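Colleague: I would like to discuss the pockets of this structure. Could you take me through them?

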Amino acid sequence: MCELLGMSANVPTDIRFSFAGLARRGGETGPHADGWGISFYDGRTCRSFHEPEPSARSQLARLLRDMPIKSRIVVAHVRKANRGRVSLENTHPFARELWGRRWTFAHNGQLKGVKRLPLGGFMPIGSTDSEHAFCWMLGRLQARYKALPRPETLDRAVADLAGELHALGVFNMLLTDSRTLYAHCGKRLCYLTRRAPFGKATLIDEDWQVDFSEETTEHDVVTVIATQALTRDECWTDLARGDVLTLRDGAIRLLRPANLA
């Protein structure tokens, strides 16, 4: 399957360290060689970069690794194609506008019969089951709410929609509306939160170690979520199938979809 990477922080934070580990899995230390993408949020919108080629051999991915773009929310993905051809339009993360905000979505897994779900005002550009699921979720939210709801209201709605998709197969998901990062575990997802006192971390896929005490302040809170642990000397927490995390400013809240409660 594909691999996901997300970050939520209370201050603009550099994700080059984690992205370097993920990028190596895109065709070198992992088989996810069918495209990659990353989105860095700045307020209600984001900078996004995509390529339908292995991230491990991408000059653009190497450039981003060396470019200290700081963000409070990041969504990234390396693809192993199983639904939809290898192409730019099928490369995650996908993005749409809703309620004056840029929404971003990335997924791994397979969703049987998802394309039979009726769509509202959002249509896929590519042919993946993932993008269809994203458009379906946004259509359901747009039909339910005339304007952006309160965060707690939206949290519950996103968790319940994720639960419906969970019933169709493997649905590991990252989704953001620019203020909250949502993560749903369909099979495999883990996370860690870095806060004071900060220590050292070493990537699994590359010979790179960072001493976060030299890169942060005592007030920083950063949560990283990934398909598989990216570092060898930190404690990653595995999510259970069906779990939904909401992440705001690095802080985590765990939800369960109503149909899985």
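Colleague: What is the volume of the largest pocket?
Modeller: In this predicted model, the largest pocket is lined by 21 residues. Its volume comes to about 430 Å³.

Colleague: Which residues lie nearest the centre of the largest pocket?
Modeller: The lining of the largest pocket comprises 21 residues. Those that lie nearest its centre are Thr 13, Asp 14, Val 210, Phe 212 and Glu 215.

Colleague: Which element gives the most to the lining of the largest pocket?
Modeller: At least two lining residues each come from strand 1 (3–14), helix 1 (16–24), strand 11 (209–211) and strand 12 (221–226). With five residues, the element that gives the most is strand 1.

Colleague: How many residues in the lining of the largest pocket are charged?
Modeller: The lining of the largest pocket includes 11 nonpolar residues and four polar ones. The charged residues number six.

Colleague: Which element supplies the largest share of the lining of the second largest pocket?
Modeller: The second largest pocket holds about 240 Å³ of space. Strand 1, strand 2 (36–42) and strand 4 (70–78) each supply at least two residues of its lining. The largest share, four residues, comes from strand 4.

Colleague: How many charged residues does the lining of the second largest pocket have?
Modeller: Of the 14 residues that line the second largest pocket, Gly 43, Arg 72, Ile 73, Ser 178 and Arg 179 lie nearest its centre. By class, the lining has four nonpolar and three polar residues. The number of charged residues is seven.

Conventions. Residues are numbered from 1 along each chain as its sequence is written. This is a predicted model: local features need pLDDT of at least 70, side-chain atom pairs count only at pLDDT 80 or more; totals for chains, interfaces and linings use all residues. Side-chain values use heavy atoms; hydrogens and water are left out. On a 1 Å grid over the protein atoms alone, a cavity is a set of points where a 1.4 Å probe fits but cannot get out, and a pocket is an open set with protein on both sides within 12 Å along at least five of seven lines; lining residues have an atom within 4 Å of a point. Grid points are joined across faces, edges and corners, and a volume is the space filled by probe spheres set on the points. Ala, Val, Leu, Ile, Met, Phe, Trp, Tyr, Cys and Pro count as nonpolar, Asp, Glu, Lys and Arg as charged, and the others, Gly among them, as polar.
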